[in-house]
Amino acid sequence: MLSLFLLSSLVTVALAGTYSNPTCAPGRNTIVHLFEWKWSDIAQECERFLGPNGFCGVQISPPNENRLVSNRPWWERYQPVSYKLITRSGNEDQLRDMVNRCNKVNVRIYADAVINHMTGVGGSGTGTAGSHWDGDSLSYPGVPFSAWDFNSGSECHSSDMNIHDYNNAEEVRNCRLVSLADLKLSKNYVRDEIAGYMNHLINIGVAGFRVDAAKHMWPGDLRSLFGKLTNLNSGVFGSGVKPFIFQEVIDMGSEPISASEYIGIGRVTNFIFGAKLGQVFRNENKASYLHNWGEAWNMPNSNDVVVFIDNHDNQRGHGGGGGPITHFEPRPYKLATTFMLAHPYGFTRLMSSYNFDRSNTDQGPPHHGDTINDVTINGDQTCGNGWTCEHRWRQMYNMVAFRNVVMGQNLQHWWDNGNYQIAFGRGNKGFIVMNMDSHSLDQTLQTGLPAGTYCDVISGNYDGSSCSGNEIQVGNDGNAHFSIGNTSDNPMIAIHVGAKKGQAKRVTT
């Protein structure tokens, strides 16, 4: 007979794999967070850009009813009022249409699930679907939740019910995060209501969830909650497929709560990743140190994490993780993102932002009145109307394709100059060279690639017959010569077999 310990271990191992599969369509490996986009605009973007360019999916803003806050800051989306699917991004019919249209072009949808809390305590009002809420009495009839469904003084022992000591794991998980009404996830009724909401989204066709503030919930409660989730829509994903779950756990190594506690449930968001790359690509740490990038840097296993350069929180100075590189620093941001997409570690997520005044980090999305602005597309394929759209920068979407081509290939042929010039290959599929040094790079390097003429996908595109940017000649011995100046806005070169002249352009289905 199996011991209880062994049986528990086997269950944990099985569950770890259950919710860790991103459920991408074959050949796709990167998602993008279209932060605060309307559902109708996301549907169009799936069809006109994300699908054709090989993106796996989209992380969307929380789709459930939220508190209405004056001046409409971005964070109102993170104060739930009910689980009705009406927000300023659109209603349930528009959400369904978006999910269906994106799935048809093999772009998956991942919903941001805010399940740790409801609105801030104190005050009252109505939400985006018209539901009443009362933070004084902890009344949310749109669910319904009452005061019995929230952690109280029996669970939280701080003087004012708020979190003050992040070295106290019990306080972090049982007390209120910045005065937000903290749901009692130990209660089965609460789990059932949340699971009902998530299962409704699964039925609509979403592929998974980014779980907000997972660090503030007990791992055991989350494990029980996710055990109530149904399989994904079989018409899209096939039978017996569980949703992909990636949990926001800010773990910089200095607090008692660690990401490792949540890995047995699903993947975790790796905040160390972007912070450390930020130091390198701001020239605060040598790029040559990246030769053993990954687990050797005290980060979790590659298959347990979602990695990113910045996110909607920390690009505004919120949410931990230090001061990341963002789109406000385009040169190092493009370098860091290029490295992320070229390197095999982790499941990659891009950030797609809107313009905001850095002196007003609460600023909501571009809007007129209570309506979010349409995302308009300029003649050069960038975005207008207040939207940044980093994912439409050529260096970003071409490296998404690079990652698709090289996926499954080991890192090899590492080269560095001991300082800020590096290069490496991915099997016999791709090769990248980067120069962040104070002088030019001029090297002949072993690429591991078949002989031929390759398009540099950083400086231009490959249209199936010609390169709009620079060309790199790889010899019969696999060697190629690379020259990169140190003053360019794009001091890197990336080549791969999907952009080799004389063969059909690789198209992701």
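**Close-up views of side-chain contacts in a predicted model**

**View 1. A salt bridge between K215 and E255 joins two loops.** In this predicted model, the side chains of K215 and E255 come together in a salt bridge, with 2.6 Å from N to O. The two partners belong to distant parts of the chain, 40 residues apart: K215 is in the loop between β8 (208-211) and α6 (219-226), whereas E255 is in the loop between β9 (244-247) and α8 (260-263).

**View 2. R282 and E329 form a salt bridge across distant parts of the chain.** The closest N and O atoms of R282 and E329 are 2.7 Å apart in this salt bridge. R282 is found in the loop between α9 (271-281) and β11 (305-307), and E329 in the loop between β11 and α10 (330-342), which places the partners 47 residues apart. R282 is partly exposed, its relative accessible area being 29%, and E329 likewise counts as partly exposed, at 27% relative accessibility.

View 3. Where in the chain do E92 and R96 lie? Both residues are in helix α3 (residues 92-104), and they are four residues apart, which corresponds to about one turn of the helix. E92 counts as partly exposed because its relative accessibility is 25%, a value that lies between the cut-offs of 20% for buried and 50% for exposed. R96, with a relative accessible area of 28%, is partly exposed as well.

**View 4. F244 takes part in two edge-to-face aromatic pairs.** How many aromatic pairs does the structure hold? The structure holds 29 aromatic pairs. One of them is formed by Y110 and F244, with 5.9 Å from centre to centre and 85 degrees between the planes, an edge-to-face arrangement. Because Y110 lies in strand β3 (residues 108-113) and F244 in strand β9, this pair ties together parts that are 134 residues apart in sequence. Y110 is buried, with a relative accessible area of 0%, and F244 is also buried, again with a relative accessible area of 0%. F244 pairs with F347 too: the ring centres are 5.7 Å apart and the planes are at 85 degrees, so this pair is edge-to-face.

**View 5. Aromatic rings form a cluster, and charged ends sit over rings.** Ring pairs join F35, W37, W74, Y78, F328, Y354, F356 and W387 into a cluster. F328, one of the cluster members, has the charged end of R358 over its ring, 4.1 Å from the ring centre. Elsewhere, R392 lies over the face of F49, at 4.3 Å from the centre of that ring.

View 6. The protein is divided into domain 1 (30-269 + 354-387) and domain 2 (411-496). Taken over C-alpha atoms, the centres of domain 1 and domain 2 are separated by 40 Å.

Technical notes
Residues are numbered from 1 along each chain as its sequence is written. This is a predicted model: local features need pLDDT of at least 70, side-chain atom pairs count only at pLDDT 80 or more; totals for chains, interfaces and linings use all residues. Side-chain values use heavy atoms; hydrogens and water are left out. Buried means under 20% relative accessible area, exposed over 50%, partly exposed in between (1.4 Å probe, protein chains only). A salt bridge is a side-chain nitrogen of Lys or Arg within 4 Å of a carboxyl oxygen of Asp or Glu. Domain bounds come from an automatic or database domain assignment. Rings of Phe, Tyr and Trp (its six-membered ring) pair if their centres lie within 6.5 Å; planes under 30 degrees apart count as stacked, over 60 as edge-to-face and the rest as tilted. A charge sits over a ring if NZ of Lys or CZ of Arg is within 6 Å of the ring centre and within 35 degrees of the ring normal.
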